[in-house]
Amino acid sequence: MPNREGPLVRGPRAAVLAAWAVLGIGLVVYGLHVSLGLGFGAPPSLLDGWLYSALVGAGGVAILIRVVRVREERLAWSLIALGALAWWIGDIYWWRALSGRDSVPVPSPADVFYLAFYPLVYAGL
């Protein structure tokens with residue numbers, strides 16, 4: 001059987017592996033930061049804001065990629081992806097608009113997205 005793996009197939013595969021490696025490193029760095037308090041000389045907003053948000057968003061995007069690439073159970077995974085992305089949007093809104101305030105409105109727009117997570121994921125399961 002001829003080898004059908006040319007540069008067009010190897011290129012995307014290498015990019016995917018590189019993306020997973022970067023996300024893995026980010027996850028280890030964030031895990032060490034949260035569990036051991038290591039800051040690695042970075043400002044708090046870099047780890048608790050940007051890195052955390054990138055990791056949560058990457059999880060939602062990874063689920064969306066699964067939705068696009070695999071036909072089986074597409075509706076269920078779509079709902080789970082929407083739930084994960086809703087949580088991510090809530091986190092982004094909380095971080096950028098509400099964190100650091102003396103008074104936080106309850107309910108806030110972030111709460112709408114956080115609460116949307118539950119029925120979406122439940123329906124997907």
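The model is predicted, so local features need pLDDT of at least 70 and side-chain atom pairs count only at pLDDT 80 or more, while totals for chains, interfaces and linings use all residues. Residues are numbered from 1 along each chain as its sequence is written, and side-chain values use heavy atoms, with hydrogens and water left out.

Helices are DSSP runs of H or I with at least four residues, numbered from the N terminus. Helix H2 (residues 44-69) has 26 residues and spans 36 Å from its first C-alpha to its last, close to the 38 Å expected at 1.5 Å a residue, where the expected span is 1.5 Å times one less than the number of residues. Among the buried residues of H2 are Leu47, Leu51, Gly57 and Val67.

## Aromatic pairs

Rings of Phe, Tyr and Trp (its six-membered ring) pair if their centres lie within 6.5 Å, and planes under 30 degrees apart count as stacked, over 60 as edge-to-face and the rest as tilted. By this rule there are six aromatic pairs. Trp50 and Trp95 form an edge-to-face pair, at 4.8 Å centre to centre and 90 degrees between the planes, which links helix H2 to helix H3 (residues 74-98) across 45 residues. Trp95 counts as buried because its relative accessibility is 17%.

Trp87 and Tyr118 also pair edge-to-face, at 6.3 Å and 85 degrees, and Trp87 counts as partly exposed because its relative accessibility is 27%.

How values were computed
Helices (H or I, at least four residues) and strands (E, at least two) are DSSP runs, numbered from the N terminus. Buried means under 20% relative accessible area, exposed over 50%, partly exposed in between (1.4 Å probe, protein chains only).
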